[in-house]
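Today I am looking up aromatic rings. I want to know how they pair, and where.

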Amino acid sequence: MTTADAWSETPATALLVLSDGSVIEGQGLGATGQAVGEICFNTAMTGYQEILTDPSYSGQIITFTFPHIGNVGANDEDIETVNMAASSGIRGVVLAASITDPANYRSARHLDAWLKSRDLIGICGVDTRALTALIREKGVPNGVIAHAPDARFDLPALKTAAAEWPGLVGMDLAKDASTTQSHPWSQTTWKWDEGFGEAKSRDFKVVAIDFGIKRNILRLLSEAGCDVTVLPATATASDVLAHEPDGVFLSNGPGDPEATGEYSVEMIRAVVEKGVPTFGICLGHQMLALALGGNTVKMHQGHHGANHPVYDHTTGKVEITSMNHGFAVDADSLPDNVEQTHVSLFDGSNCGLAIKDKPVFSVQYHPEASPGPRDSHYLFERFTDLMQSSRSA
């Protein structure tokens, strides 16, 4: 071997091209091809499979700040999309290190093979710290992720695609993430050496509006004693109220809440005016705010991770939460009959609201903790308490 051979570089089989024309080279993982999306970063240290199947990330390319992604493999139990076969809408994944062989008793497949099976494009060998710093300084960029095993790319075309993609503002992605027809749900949470269970008590009839709902949210509703019926994002107030629900749940989901709100706000407003106990999270929280007369704004970098501290004004406690959102409620826009119940201790942004004279509340974060801490599980009990009080009134 010559000195030149020893120092020759491995050709880049994957590229991350930013909308400003910057090009980041690396090695390809998962599916081949190219995809365009908004590039965000996630600070979670665990739960990469749940993150990569969270429909709230539709339209985004996820950069993991934790370097060791893939070391516990993948399985079918940790998928969060309700339709196991459906794509979560995620456009790609950016890693620092290459994927090692899995070392976990629950692993059923190598992450690279799993990415291929879900048509997800990946790139590794990226300085994710530098990319994260860039996003924090300049805000979330649009970009194209491309993987070609032969290392041949049409770079001008990739730059054009990255520059011309319009971004998430104005995009309604919930319709694509949602179920297309109503269906019941009765599965409960996973337990050690037992797997998933089935609901034993169904005391409260709950309609869950699927804007991109996660499986573990539905499991926790079932575990709390809810008889759950899932309806599509486009459900009307008549569709919802025809079930005579004790409560309505507004789920997480992707995209711009104002765009989705064009067809969902009217339904939410009617449910609230009817006095039905209502609990919203993430996109559901944002659209509830819109239905009440508030506004939403696009965030500089968004909140994505499982370590976000939130202060709960109703209890005086700080909880560590799982977050995934690029839009936020403008607290100053909320009407007088709505109180801000939770705030982010990272940046002071709104993380919760409640109507003062109705059994209606919502939070910005993901209380079902898949992945993440379980500090916020109490919110499901708060929801059932509201339904019990409303029934007894």
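I started with F361. It is buried, with a relative accessible area of 6%. I noted that the model is predicted.

Next I checked F279. Its relative accessibility is 0%, so I put it down as buried, because buried means under 20%.

I then searched the whole structure for aromatic pairs. The search gave five. I looked at F249 and F279 among them. Their ring centres are 5.2 Å apart and the planes stand at 85°. I logged this pair as edge-to-face. Where do F249 and F279 lie? F249 is in strand 13, residues 247-250, and F279 is in strand 14, residues 278-281. The two parts are 30 residues apart in sequence, so the pair ties them together. I looked up burial for both: F249 is buried, and F279 is too.

Back to F361, this time with F279. Is this pair stacked or edge-to-face? The centres are 4.6 Å apart and the planes meet at 15°. Planes under 30 degrees apart count as stacked, so I wrote down stacked for F279 and F361. F361 sits in strand 19, residues 360-363, and F279 in strand 14. The pair links distant parts of the chain, 82 residues apart.

Last, I looked for charges over rings. R106 lies over the face of W190, 5.0 Å from the ring centre. K298 lies over the face of F327, at 5.3 Å from the ring centre.

Definitions and conventions
Residues numbered from 1 in each chain as written. Predicted model: local features only at pLDDT ≥ 70, side-chain atom pairs only at ≥ 80, totals over all residues. Heavy atoms only, no water. Phe/Tyr/Trp six-rings, centres within 6.5 Å; stacked < 30°, edge-to-face > 60°. Helix = DSSP H or I, 4+ residues; strand = E, 2+ residues; numbered from the N terminus. Buried < 20%, exposed > 50% of the residue type's maximum accessible area, 1.4 Å probe, protein only. Lys NZ or Arg CZ within 6 Å of the ring centre and 35° of its normal.
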